Amino acid sequence: MNYSILYLNSSRNVSRVDSNLTERLSLSELNSQEVFKRLPVIVFISILILVGTIGNLHVLYIYYRKFNRSTYRNFVLTLAAIDIVSCAISMPFEIYDELYPYLFQADVACKVFRFINFTLAIATGLMLVVISSERYRRICRPFGSQLTEKQSIYALIGIIICASGASLPALYVYGIKTTQIPGFDSFGTECTWGDHIEVYVGYIFYGETLMTVIGCMIALVVIYSIVGKYLWDHAHKMSKNMRTKYQMKEPIKLDVIEEETADQIRRARDSFRSIKQSNENGTAANKDEMKHNKCNKKARKLELPIKNIKQNLDATTSSGNTSPNHIPKPSPNWKRQKNLQTCDMKGLKKAFKNVTGRPAGANPLLSKPEKNVPDREKRITIVLFTITVLFIVSFLPYIVILILYSADESYEKSMTTVEHAVYLIGLRLYMINNVANPFLYSSFDSKFKKHLMEIYSFLNALI
């Protein structure tokens, strides 16, 4: 047996193991150095996990136990559930990803968690669009068909299904990718677009996600702009009506209104007569005259109820019956007013409006008040609008970074340590959207704030 050959082969095997071990140790050291540079990112995500989990648990408990069933309650509970999943699953995975920037080996975990991240992001955008459309109906179309509590549940289920379907390509696109460590000859592995796909496939998926999120943002801006303009115009009208109301310093007397109304009717009748006379022609003169006399007869009948009401009031006063519960018997002539609907009174009504400044048949004492938007609907709209603004603001850095990365992949390699940490935090700023909602509820929803204070006042009493 040739022992020299065996020894030579053994020496080669040992040298290969030592070489691989040396390369592995150096890669581990490089990974540890990179983790140290990413500590600000890890601390940032850890704070978000802690604050977001505690806050959203409060939201789930209070809205589920203390609020009545409604579309608003369903929306808030679903958003809180998405935030809890993000804080409990997505964010811890991001920390794990930052701990192994060059040694990530879990291929299945990479695919699943990236799929969950995209599903939650797209579901949040679609849900806010549905919420904004519901707010539009409540505020701008209060008498139209509204989204019911059961329909809102179906809509939310449909949103989750659509978001999951739009995120399915992530299961194929993402995986383990071998990359060269900047400044070294060593190669590491990370969770991103896998080695098994072409680069353009990843760009297509990024483009799909960007278009979905940007489309949601545009829809949100348009819908809330319409709602905001409606509320602004409504508030202006209500303010104008209130100023007009307070400008009426002297009380209105019934007999003055009666005499004024009778005089306005006579003036309207005379104005209508002049209009008819100016438009007469020779062929239809007799026919128009008959119609004119008929309308004049109807107009004269308007004066009879006024006179009868005043006579009844005078008779009641002279008889000594001044009880506030006494209602004078109206004249039988009031039934004749119903016949006005069968008469062609368009010209008379137009003349009446020109003289009096109000449509014919309008109550001279009271005008119909403007339909007011309930304060609770305004508060709910403000809460959901601030959530929408937070969604847009928190996602903008992520969108900008994706666009820059798609335009030039090499700009990340030229960053300093501080710039790279800021860059990685910017990629995770959208996570603030999953943390800040409880603070918005406590600021703008008085009922939520009340129950929140009750919880802590109860705990304080126990302590």
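These legends walk through several close-up views of a predicted model. Local features are given where pLDDT is at least 70, side-chain atom pairs count only at pLDDT 80 or more, and totals for chains, interfaces and linings use all residues. Residues are numbered from 1 along each chain as its sequence is written, and side-chain values use heavy atoms, with hydrogens and water left out.

**View 1. The whole chain, before we zoom in.**
The protein chain has 14 helices and two strands. Of the 463 residues in the chain, 37% are buried. Here, buried means under 20% relative accessible area, exposed means over 50%, and partly exposed is in between (1.4 Å probe, protein chains only). Now for contacts, meaning heavy atoms within 4.5 Å. Among contacts with a separation of 6 or more, 78% are between residues 24 or more positions apart.

**View 2. The largest pocket.**
A pocket is an open set of points on a 1 Å grid over the protein atoms alone, with protein on both sides within 12 Å along at least five of seven lines, and its lining residues have an atom within 4 Å of a point. The largest one has a volume of about 1500 Å³. That volume is the space filled by probe spheres set on the points, which are joined across faces, edges and corners. There are 49 lining residues, and the closest to the pocket's centre are Arg-38, Glu-190, Glu-412, His-420 and Tyr-423. Elements that each supply at least two lining residues include helix 1 (3–37), helix 7 (199–246), strand 1 (174–180) and strand 2 (187–193). By type, the lining splits into 26 nonpolar, 10 polar and 13 charged residues. For that sorting, Ala, Val, Leu, Ile, Met, Phe, Trp, Tyr, Cys and Pro count as nonpolar, Asp, Glu, Lys and Arg as charged, and the others, Gly among them, as polar.

**View 3. Arg-38 and its neighbours.**
Look for Arg-38 in the loop between helix 1 and helix 2 (39–66). Arg-38 has a relative accessible area of 12%, so it counts as buried. Leaving out residues up to four places away in sequence, Arg-38 touches Glu-98, Pro-101, His-420 and Leu-424. Its side chain also makes a polar contact with the side chain of Glu-34, at 3.0 Å. (A polar contact is a pair of N or O atoms within 3.5 Å; within protein, one must be able to donate a hydrogen and the other to accept it, and residues adjacent in sequence count only if both atoms are side-chain atoms.)

**View 4. Salt bridges across the chain.**
The structure holds 10 salt bridges, each a side-chain nitrogen of Lys or Arg within 4 Å of a carboxyl oxygen of Asp or Glu. In one of them, Arg-38 meets Glu-98, 3.0 Å from N to O. This pair links distant parts of the chain, 60 residues apart, with Glu-98 sitting in helix 3. Both partners are buried. Another bridge joins Glu-149 and Arg-69, whose closest N and O atoms are 3.1 Å apart. Glu-149 lies in helix 5 (residues 149–167) and Arg-69 in the loop between helix 2 and helix 3, so this pair ties together parts 80 residues apart in sequence. Arg-69 is exposed, at 61% relative accessible area.

Lys-229 and Asp-233 meet through their side chains in a salt bridge (3.0 Å, N to O). They are four residues apart in helix 7, so about one helical turn separates them. Lys-229 is exposed at 54% relative accessibility, while Asp-233 is partly exposed at 30%. Elsewhere, salt bridges with shared partners join Glu-34, Arg-38, Glu-94, Asp-97, Glu-98, Arg-114 and Arg-428 into one network.

**View 5. The largest cavity.**
A cavity is a set of grid points where a 1.4 Å probe fits but cannot get out. The structure holds three of 30 Å³ or more, and the largest has a volume of about 120 Å³. Its lining includes Ser-86, Asn-117, Phe-395 and Tyr-430. Helix 3 (71–99) and helix 4 (107–140) are the elements that give two or more residues to this lining, and helix 4 provides the largest share, four residues. Five of the lining residues are nonpolar, six are polar and none is charged.
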